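Dear colleague,

Please find below the structure that I am handing over to you. My findings follow it.

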Amino acid sequence: MSTPSIKTVTAKVLVVGGGPGGYVAAIRAGQLGLDTVLVEADRLGGTCLIRGCIPSKALIHVAARFEAMERSVGGGHAGIALDTRPRLDLAAATRWKDGIVDRLSGGVAALLRKAKVRVLHGWAVFSDAKTCIVQGRDGPLTVKAEHVILATGSEPVPLPALPFGGPVLSSTEALSLDRLPRRLVVVGGGYIGLELGSAFARMGSAVTVVEAQPRILPLYDEALTDPVRRWLERSGVTVHLGARALGLEAEGEGHALAVRAADGGTIRLPADAVLSTVGRRPRLEGWGFETMGVDRKGAFVAVDDQCRTSMRDVWAIGDLVGEPMLAHKASAQGEMVAEIIAGHRRRFAPVAIPAVCFTEPEIVSVGLSPDEASAQGIDAIVDRFPFAANGRALTLDSGESGFVRLVARREDRRVIGIQAVGAHVSELSGEFALALEMGAELEDVAGTIHAHPTLGETFHEAALRLLGRSLHF
Ligand code: FAD
Ligand code: NAD
C-alpha cells in the first residue's frame, strides 16, 4: 500500500514563528512583493503579544489603578475619597486583558493578509535547511523555500529544583490567574519577577522576592534601581538578596519554599504560589534545528550583522539570536532581513537599543551608563535632573523620586547615554533613542524647545545642567 503523498507548498520566503520578529519580517517581505509563507504553531503575536509584553502591561495597569483607588479609601488622596474599599475581580481583569490580546492578535492577522502573506497554522519541523513539514489542522504540508527566516523565540527556564507545574508558575500562568495568590514568592528579581511581583503586590498579594545576586535588577546600575528598591520596601515587599531557591516543601495545607539565604542559613517562605522567573532561553528544541547545519553561539543561533546564519539563505532573528531579548529588537531585525532578501543594503548596527523596565517607578536606559563609559575608557561628563523639580511630574503625583541622567563625551559633548527612573518614563524612551541615533550633542538637546508641562523637560534641563546653564534647578 503506498503512503498518501503530502501536499507541497513553495515560497520565496518562509518565516517560522509569528512573534514580533517573525510577523514583522513576514509583513515587510509581503509588502516588498516577496512570495511569503509564515508558520505559527500558536496564536499570531508570539510571546510578546500573547503571554509577555502586552498582557503584563495590562495587568500592571490594572494593579496601578487598583492601588490608587485603595489609597483613596477613608481620608482620601488628592481630594478623592472612597467610602468603601475597591474590590478586585482578577478573573474579570484577566478577561479584559484577553480582549486586548485578541484584538491585537486579530490585527496582526489582518496586516499579514493585507501584505498577502500566506499563514499556515501548525508546528514546523525541518528535515533540511530549506524544507519543513507543518502539522496543521488539515493534515501535514511540506513547505520549501529559497529563504528561511528562523524566529522561534524563547521560553522560560525552569530551575531544576523547582519545575513548573502546580503552585510553581511561569510568567505565562501568572498572567492568566483568576484568583489572587494570598502569599506569592517570586524567584528571580529581574525584569519579569519585579514587573509582575510589583503588580501582584499592588493588587494585594503578600509578595516576597528571592534574588541570587546582591541587588535587584542587576542589569541596571544601583542609582537607577534604588527608587524601585525603596518602593518595594514601602509597599511591604520583602526582598532576600544573595539567596537561592532550594525547592518546594509541603507545609500544613499549603507549601513553603526552602531558600538558602545570603548568610548560608536556610529559610522557609510559606507560599500559595511561587513565580519562577530566572531567565529565558532560545527555543531550539523539537523542530529539527539540528538537521539544518546552522551553527550556534553558546545557547543562541550564531548570526552576523545582517542576521545571516552559517547556512546560505537561512536567517535568524529575535530572542533566538541572543541578548537583548526584547520585542523591538526582534522587529527591527525582522524588518531588516526582509529588506536584505528584497535586495536592499542593510546592516543591524543600531547606536543603541532602548531597554525599559515597567516597575514602580519605571526605568529606561539607552546607550552607555556612566560605569560602562568609564569601562570603555571614555572621558565622560554626567549629570541628572530630578523629577522633584519638574511641574508635570508633581501634577502626576510622581515627583517624589526619579530623575533623568545624561552621559556625554567630554571632548565633543556628544550624548552617549541617557537613563531615567520615574513614573511614566517609558514614554521618554523614543526621544532618548532618537537623540542617540541622530548623534545629538548637548547643544542639540538644549536647543530643542520642549513643551511645558511635560516630563520631557527633564531631558532638556539635564542637558542645560551639563552645559552649566541650568534654569530650573
Ligand atoms: P517570540 O515572541 O517568542 O515568538 C516566537 C513564536 O514562534 C511563538 O509564537 C511560537 O509559538 C512560534 N514557534 C516556535 N517554534 C515554532 C515551530 N517549530 N513552528 C511554528 N511556530 C513556532 N520585551 C519587550 O521589549 N518589552 C516588554 O515589555 C516585554 N515584556 C515581557 C514580559 C514577559 C512576561 C515576557 C515573557 C517577555 C517580555 N518581553 C518584553 C520579551 C519579548 O516578549 C520577546 O523579546 C519577544 O517576544 C521576542 O520575539 P521573537 O519574535 O523573537 O519570539
Ligand atoms: P532576567 O534575566 O531579567 O532576571 C532573572 C533574575 O533571576 C536575575 O536577576 C538573576 O540574577 C535571577 N536568578 C537566576 N537564577 C536564580 C536563582 N537560582 N535564584 C534566585 N534568583 C535567580 O530574566 P526574566 O525576568 O526571566 O526575563 C527574561 C527576559 O525577558 C529578560 O531578560 C528580558 O529580555 C525579557 N523581558 C523584558 C521586559 C521588558 O522589556 N520590560 C519585561 C519582561 C521580560
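Which residues does Val207 touch, not counting those up to four places away in sequence? In this predicted model, Val207 touches Leu184, Val186, Gly197, Phe200, Ala201, Gly236, Val237 and Thr238.

Val207 also has a place in the largest nonpolar core, which has 36 residues. Together with Phe200 and Ile363, Val207 is among the residues with the most contacts inside that core. Two or more residues each come from α3 (53-71), α4 (90-114), β8 (183-187), α6 (191-203), β9 (206-211), α7 (222-234), β14 (273-276) and β19. The largest share, six residues, is given by α6. Domain 2 (168-278) and domain 3 (355-466) each supply at least three residues to this core. Another core, of 31 residues, lies apart from it and includes Val356, Ala393, Leu436 and Leu464. In soluble globular proteins, nonpolar side chains tend to be buried together.

I turn next to a sheet. Five strands, in the order β19-β20-β23-β22-β21, form an open sheet with antiparallel pairing. Because β19 (355-357) and β21 (380-386) stand at the edges with a single partner strand each, one side of each is left without a neighbour in the sheet. On average, neighbouring strands of this sheet are turned by 10 degrees against each other, direction ignored.

Within the sheet, the antiparallel strands β22 (residues 403-409) and β23 (residues 415-422) are joined by six bridges. Leu406 has Ile418 in β23 as its bridge partner. Helix α13 (residues 457-466) lies across β21, β22 and β23 and runs at about 135 degrees to β21.

With kind regards

Conventions: Residues numbered from 1 in each chain as written. Chains lettered and ligands numbered in written order. Predicted model: local features only at pLDDT ≥ 70, side-chain atom pairs only at ≥ 80, totals over all residues. Heavy atoms only, no water. Pairing = 2+ DSSP bridges. Helix = DSSP H or I, 4+ residues; strand = E, 2+ residues; numbered from the N terminus. Axes fitted to C-alpha atoms, helices over the stretch in contact; angles between N-to-C directions. Contact = heavy atoms within 4.5 Å. Core = buried A, V, L, I, M, F, W, Y, C linked by side-chain atoms within 4.5 Å. Buried < 20%, exposed > 50% of the residue type's maximum accessible area, 1.4 Å probe, protein only. Domains from an automatic or database assignment.
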